[in-house]
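Thanks for coming. Please have a look at the structure on the screen, and I will take it in parts.

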There are 2 protein chains.
Amino acid sequence: MIKNDLFLRALKGEEVSRPPVWMMRQAGRYLPEFMVLKEKYDFFTRCRTPELAAEITVQPIRIVKPDAAILFSDILVIPQAMNIDVEMKPGVGPWVPQPIRSAADVAQVIVPEIDETLGYVMDAIKLTKEMLNDEVPLIGFAGSPWTILCYAVEGKGSKSFDTAKSFCFSQPEAAHQLLQKITDTTIAYLKEKVRHGVNAVQVFDSWGGMLSPEDYQTFSWPYINQIVEALSPLTEVIVFGKGCWFALDTMAQSKASALGVDWTCSPEIARKLTGGNVTLQGNFDPSRLFTPIPELKKMVHEMIDRFGKDKYVVNLGHGILPTVPVDHAKAFIEAVKEYAN
Amino acid sequence: MIKNDLFLRALKGEEVSRPPVWMMRQAGRYLPEFMVLKEKYDFFTRCRTPELAAEITVQPIRIVKPDAAILFSDILVIPQAMNIDVEMKPGVGPWVPQPIRSAADVAQVIVPEIDETLGYVMDAIKLTKEMLNDEVPLIGFAGSPWTILCYAVEGKGSKSFDTAKSFCFSQPEAAHQLLQKITDTTIAYLKEKVRHGVNAVQVFDSWGGMLSPEDYQTFSWPYINQIVEALSPLTEVIVFGKGCWFALDTMAQSKASALGVDWTCSPEIARKLTGGNVTLQGNFDPSRLFTPIPELKKMVHEMIDRFGKDKYVVNLGHGILPTVPVDHAKAFIEAVKEYAN
C-alpha cells in the first residue's frame, strides 16, 4: 500500500484533509541535481537508461516533496518505437528527419511489440518503484495520439502545427490511419506500464488546443477516449488537454478519473463546464512561480479555495519552467501542505 | 462615401444582405505578387516606403477581392518609434537586440511625436486611399500594449513569452509603466491614422491568451480599453484577442464596435459570452483553408449560419498562412459572396 495516498484518493473523489500536489515536469531543468545528469547524458540516454530515469524521477520527491512521482520519460518514445525516427536537437527540441506526409508514409509506420521496443521504460518503472518504497504513487504518461501526430507530421515543434493540420484536413483518411496506429500502440504501452506498477496514467494532449471544437472531436478526442476506455478498468486515468477548455464538457462524460485544466480557464468555469462532479487538476500559470514567495503562497491558497479542496489535485497549468528558482517551486508545494480550509 | 460599405454597416450593427469578409494578413506571402516585392525589399523597407505599403495593401483587393483593405504595416513599428530597436530576422522573425528587462530600461523608452516617427504610415494611408478610390473601406491597426510588451521584453517571438510574463509578475510597477507608455503612443498613433483617412481600426492582442483571466484584467485589458475609449468617438474599433475567449464578456461591455474570435471558440459560445448583441468577427481556422474547395465553401456557409448573417464580419481566426493556395483564398471570399440565407 502507498503510504501517502492523498493523490489516489483525490482521483477517486474521496474526501481529503488537503488536496494533493505535484507539478508537471517536476523532474526537470529547474533542479540543479537534474542539470548534473543532463550535462553528462543526452536526452534519450536519460530516457533509455533505467537507472538514470529512476534517479531523475525520484529527485523531486527528495527535494521539493510533492505527493506523487511521475516517471521521467518523453511522449516521443512512442513514435520512436513505431519506426519514426525522432531526435532531440539541443536548442531546437524534437526533430523528425523524415516526417510523415502521405498515406505511403503512414503505411510504413508499425504498431510495435511493447516489450521489444519499450522494455527500458518497464525496467525504469520497476527500479523507480523500489526507490520510492511506496512513499508516494507513481504516474505513467503518454502523449495523446493527436499530439504525437503533430510531431510526426510537422517534424518539429511549432507555434501552430499548420503542416500537421493541413495534412489532416487535406488527407483525412491517412491521418485517421496514423492516429489509430498511435492509439493502438499507446494503449498497449500504458497497459504494460500499469502491469509494471504505475498507480495512475496521464494522457497529455499538448496540442489539442490548436484545433477547433469540431476538429477536436474528429481528430483528437475519439482517440483519447479509446485510451480512457481501455485503461480506466485498470487504473486511474487523467486527461490533460492544454487549451482544450472547449472540450471539458465532453471529457467530463468519459471514464477519466480527472481532467487537467490550464490557467486560461478559471476554476469556476472549469467546474461549471465539467458539471462539478469530476476531479480537476491544475491550473497555476507556470510563469506565476516567479511571483515573490509570500504572494505566491497566497495565490495558491486562493486557487484551492476556488477549486475546492475535494476532487482536486493541485498542479501547474503546464510544465514548470527551467528558470524557476527551486525555493519558489518548494514554496508552491509547501503552500498546499500548509493549506487549512 | 465608400461604395462597398458592407463592412462598416456590419460594424455598426446594421442589417446586411450578406456579411462582409476580409482576411487577417490578406496582404501577405500567399500572394505571388507580394513575393515579388518581398524578394526586392526587406521587411521594414516595405513598411516605411509609402508606395510599397500602398501597393501591397491593394494587391489582395484586386486579386482575392475582400470587402475591406487593411493597411500593410507591422505592430512593431510602435516600439521602434519608442526608441526600442526592433529588427526582422529572416527565418527567425522579430528580434530586439536590447530587450527591456528593468525599470531603468523602461525609463529609456520614450512616448514619441507621431508625425516625427511614424509619418511614413500616414503617407502610406494617403496614397492607399487614392488607390482604393473609395471602393472599399481601409482598416488601420496596432498591437495591444500587452502584445507589444511581450516582444519588447522577450526580445523575440516565443511559444509562451515566459520571460515577458516573469518580468510582469516580478516587476509589476515597471511593467505597468511600460504598458502605459505603449498605450499613450498607440492612442496618438491610431488617432493620426483616423485623421489621415482609415475607416476603422483593429487592435491585435495576439498574446493575450497567454495570460490567466485575472492577469489579463491586470496587464492587458485595461490598456486595450483605454485605446477603445479614446478611439471609439472617432471611428469603429475592433478588438481581436487571440485565445482570449475568457475575456469576451468583459470586452462586450466596452465601446468596441466588434470583437474578433478565434476558431477554438464556437460561434454559439462566442455569441453567448458576448450577450448576442455585439458584432463578431472570425473565426475560420487558417489551416482549414487547405480543405478541398467544395467542402471549404460548405464550411464557410455553415459558419455564417452559425454566427448569423447580421452583426458579423467573416474572417479567419488568425492570419492567412503563406502556404495557402491562392484559389483556396479566393474560394473563401467567394463563398461569402455566394451566401444566401
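This is a predicted model: local features need pLDDT of at least 70, side-chain atom pairs count only at pLDDT 80 or more; totals for chains, interfaces and linings use all residues.

Helix α15 of chain B covers residues 293-307, which makes 15 residues. How far apart should its ends be, at 1.5 Å a residue? The expected span is 1.5 Å times one less than the number of residues, so the helix should span 21 Å. In the model the end C-alpha atoms are 21 Å apart, which agrees.

Now, which residues of α15(B) are buried? They are V300(B), M303(B), I304(B) and F307(B). Around the helix axis these four cover an arc of only 95 degrees, so they sit on the same side of α15(B). As for what they pack against, the buried residues meet α14 (267-273), β8 (279-284), β9 (312-316) and α16 (326-337), in chain B. Turn to the face directed away from that buried side, and you find exposed residues: P294(B), E295(B), K298(B), E302(B) and D305(B).

Next, a strand in chain A. Strand β7 has residues 258-261. In a regular strand, side chains alternate between the two faces of the sheet. Here A258(A) and G260(A) point one way, while L259(A) and V261(A) point the other way. Are these residues buried or exposed? All of them are buried.

β7(A) has a partner in strand β6 of chain A, residues 236-241, and the two run in the parallel sense over three bridges. In that pairing, A258(A) has I238(A) opposite. β7(A) also pairs with strand β8 of chain A, residues 279-284, again in the parallel sense, over four bridges. There, L280(A) in β8(A) is opposite L259(A).

Last, the two chains together. On chain A, 21 residues are in contact with 21 residues of chain B. The element of chain A that gives the most to this side is helix α10, residues 162-170, with five residues. By type, this side of chain A has seven nonpolar, nine polar and five charged residues.

How are the copies related?

Key: Residues are numbered from 1 along each chain as its sequence is written. Chains are lettered from A and ligands numbered from 1 in the order in which they are written. Two residues are in contact if their C-beta atoms, placed from the backbone, lie within 7 Å. Ala, Val, Leu, Ile, Met, Phe, Trp, Tyr, Cys and Pro count as nonpolar, Asp, Glu, Lys and Arg as charged, and the others, Gly among them, as polar. A residue is buried if 20 or more other C-beta atoms lie within 10 Å of its own, exposed if 12 or fewer, and partly exposed in between; C-beta atoms are placed from the backbone. The arc is that of the directions from the helix axis to the C-beta atoms. Two strands pair if DSSP finds at least two bridges between them.
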